[in-house]
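Please look over the sequence and the model below before reading on.

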Amino acid sequence: MNEQYPALLVVVPLLSALVVSIAGWVNKRLCFPVAVAALGMAAWSAVGLLLRVLDEGVIVYKLGGWSPPMGIAYYIDYLNGLVLPVVSIVALLNLIANKKGIEQQFPDKIGPFYTLYLLMVTGLLGIVVTGDAFNLYVLLEIAALTGYGLLAMGEERAPLATLNYLYMGTIGACFYLLGVGYLYIVTGSLNMVDIARLLPPLYQSNTVLAAFIICMVGVWLKMAFFPLHAWLPNAYTYANSAASSLIAPLVTKVMVYVMIRLMLTIFTTEFVFTTLALSDAVVWLAVIAIVMGAVLALAERNLKKMLTYIVVAEVGYMVGGAWLGNRDGMTGAILHIVNDALMTLCVFMVVGNIVYKVKGYAFEDLKGLFRKMPFTMGALVVGAMSIIGVPPTCGFFSKWYLIVGAISSGHYCFMAALIFSSLVSVVLFFRVFEICFYEPFSNHHGHDNHPGGMDEAPVSMVVPLLVVAVILILVGLYTGDIVNHVIQFAIPEAMV
Amino acid sequence: MTDLISTVIAKYNYWIYITLMMIGLYAMIAKNNLVKKIVGMNIFQTAIILFYVSIGVKKGATIPILEHGHGPDAHHVVHAVDYINPLPHVLMLTAIVVGVATLGVALALAIRIYNNYNTLEEDEILAQIREK
Amino acid sequence: MKIIGLIIVVVTGALLIYAAADFPAWSDPASPASTYLSPHFIEKTMEETSVPNIVTAVLADYRGFDTMFETTVIFSAGVVCFFLLRISRREEEEPETRYYRHVLTGVTIQLKEGYKIPPSDDFERIDAAWTPPDLIIKTGCRILIPFVQLFALYVIAHGHHSPGGGFQGGVILGASIILLAISHDLRTAVRRMSEKLMAILCAVGVFIYAGTGALCLLLKLNFLDYSALAEVLHVDPITARSHGILIVEIGVGIAVMATMIWIYNNVSSAGRYRQGL
Amino acid sequence: MIWPIDLAILTLVVVAAIGALMVKDLLGASVLFGAYSFMMCLLWSIMGAVDVAFTEASVGAGVSTVFFVAAVFRTSRRTRD
């Protein structure tokens, strides 16, 4: 059983998605327990894998029993060993929290919704665990297609926003595919480790350079890195809350993981930082991304849309950190994948609870919410503290590493952008808190039966949210362990 | 000059795939009609498939299905140079499937948008959104 | 937008042309792609899997994991189309007047709100815009469809030895039902292949594939290692691989057929399942 | 492989692609897209990729075109570009 964790991790959600799909036509009440059991199993395997990696080092799992360059293999090392539990736990908590919301919004389509949800998680886990460049493309498309389906069910504008996402996502995935094709034409291999072994003599080739640029642009499109971010805010804002709180924390972070995987494993740091002279340009782009994300968030009068721009800014943090070209920057970027997934989950789940109770997420809908939904707003405070970067929460530590990295590589503008965006986040969230705290609750929506009294979201929604808030603080407290025992080994020795 | 011409001719498949890809990309960015964009998207994807298939071509080789008979001398020696590289074909089968799946989803979205706004022109839809 | 598009296209095109300068010459037998992995596939396929069609062998065995997800992609597309378009019975406004047609005489009956027709096979439900299908097309397609289906089954079953396999065969099978829906109307096709059946078949098809893989896992070998099936099928491991490929190809065929019909039904009727094209 | 045929079909592919994008009627665009896919399929069978060509013939020229026509039928044929 122990050796089969890598396969179980992906196969269990896949098989259960099929079971749920059939169960949706037979008995709808079966869908939720099956989905929770499957994601629980996936989370269990992911944690088991991380422990095994800590014990034994890199694990190779041969699918179909064919050895790597011939068949497809999974490589689990410290980098994806860390990301896997995050993805599966985020998906599990979000599923439990949104049970009521899903039943409220799609009473007739529960089966398809859970099916797509599970397939999406399958795709994301597969992307993270795979060691084959082409396999990654297929899984990318699974995650993308199911994501389009989930995001398009929402407000009236959701389908248009999603169709734009589909165009951009397809261009991104196709660019990635083309880049893999370029690598294949010069090396003849598709396995990541094998490509990395064959590439060094070819570092001067035009084709390799173009492959790298095209893959990067494709991945940036998918993760909404600044000039290519236009699809993200609308697509995430108008979607239903269960989908947006799954997709907003995970998709962009998994794509950042893919970028780091490309930089560290396929192309190796030597090529990325020594042969190419692009790292300054990309860090500058990241600076612009962070500043623009913060400024655009400031212009919004709508909580969910404001958060989507914060997601854009956070992508800038991670790309910039990864491209700083030193150990601290990369540590910060990898740590930030974990932290940002958790804190984005936290704030989007808060939005989900608010939407469930108040049916809106514009600023004027938030009045008096501290009195009405104290636990939800408490979690929002923790999430906001983490995004701002206040010490006991985890957001502080990854920012710390990023700033240290920026200083030691001399990119002071990046450091300035980080501090600027933290200050803007302070303004953003305190504006929200002010509205929620001081202004009396307005019942113009007519959903409030006890004016002034407490009217919290159901327990099943609040408990997972509070768990996430606690995890945010715990991850913050154990940052040292995560960095020393895991991330440190994820970064190649060559990088200083 | 002859050099240039010989490079152009030697790799004409690659130039055509670039042309097709750029046609598709331009349509996806610049066209106003949603279904036209979807057509562009499909052209874009098939162009990449053309590129991959072009990788697999091998001079003087035949299709990747082994000649075989039944009986005692059925297993004769197979030489790699006699058969076209099968790996790109396998990858592209997958890519075609992904393409048709994306097409189905995109058309479903287009129909939903049409039901909401009664038009497929992007600028008209945006004008309707602004009016609200 | 046009100018931005043009700039992006020119920049991308320049990058691609720049890259193409260093490609190995076209159709060069000595290029890395032709000399690194593919000789192994070409020379070893027969002895390792006993399948002469190398593409099938690589597709369903060496890279079988890709193909499993390829099937999953198409399955998820089907689910997404259903999820986005299908109008559930509760939301669907039942039209006040409904039309029925007496099959034998061709008489059309209009029913007002509240009236019902006695359950019988003589009447079929039709739409207001219903026109009788053209006789030539109807008969022609009726003759054609069985042959199309037969060919599809051949393509699936003969994928080991000739071009084709589960995917192509599945598409052709699906196309035969789509042809029925086009030449008659959607209701006729849905009566043959009900929506629930389609939905379940999609999942079952993928399940056959993934389940075969999981079975290998239960038999103490790695996921999708078909040689584990040797124990169950009582053959040697290499033949077991060949049989394993056939099993998953059948799974792919079922999934693809059902999904193609499902997507067509939803797209052509915008989720109402009344009139199609 | 006979290169004049290859070259001729490559040209036709480009023409069909541009035609599908230029024609001011979505139904026409769908049909031209079908023609484009079929040309692609021919091209690939010339290049020896029989399995890919078979798939493209059934998927690209067949089912995709039907999906396009169905979607255009459910929406509108009108297009301004």
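In this predicted model, residues 24 or more positions apart account for 79% of the contacts in chain A with a separation of 6 or more. The points below begin with chain A and then turn to a sheet in chain C.

**Chain A: content and overall form**
- The secondary structure of chain A is made up of 21 helices and two strands.
- Chain A has a radius of gyration of 22 Å, which agrees with a compact globule, because a globule with 496 residues would have a radius near 23 Å.
- Taken along the principal axes, the box filled by the C-alpha atoms of chain A comes to roughly 70 × 55 × 40 Å.

**Chain C: an open sheet**
- In chain C, three strands form an open sheet whose order is β2-β1-β3, and the pairing in this sheet is antiparallel.
- The edge strands of this sheet are β2 (108–111) and β3 (123–126) of chain C, each of which pairs on one side only.
- On average, and with direction ignored, neighbouring strands of this sheet are turned by 30 degrees against each other.

**Chain C: the pairing of β1 with β2**
- Strand β1 of chain C, which covers residues 98–102, is joined to β2(C) by four bridges, and the two strands run antiparallel.
- Within this pairing, Arg98(C) has Leu111(C) as its bridge partner in β2(C).

Key: Residues are numbered from 1 along each chain as its sequence is written. Chains are lettered from A and ligands numbered from 1 in the order in which they are written. This is a predicted model: local features need pLDDT of at least 70, side-chain atom pairs count only at pLDDT 80 or more; totals for chains, interfaces and linings use all residues. The radius of gyration is taken over C-alpha atoms; the globule rule is 2.2 Å times the number of residues to the power 0.38. Two residues are in contact if their C-beta atoms, placed from the backbone, lie within 7 Å. Two strands pair if DSSP finds at least two bridges between them. Axes are lines fitted to C-alpha atoms, for helices over the stretch in contact, and angles run from 0 to 180 degrees between N-to-C directions.
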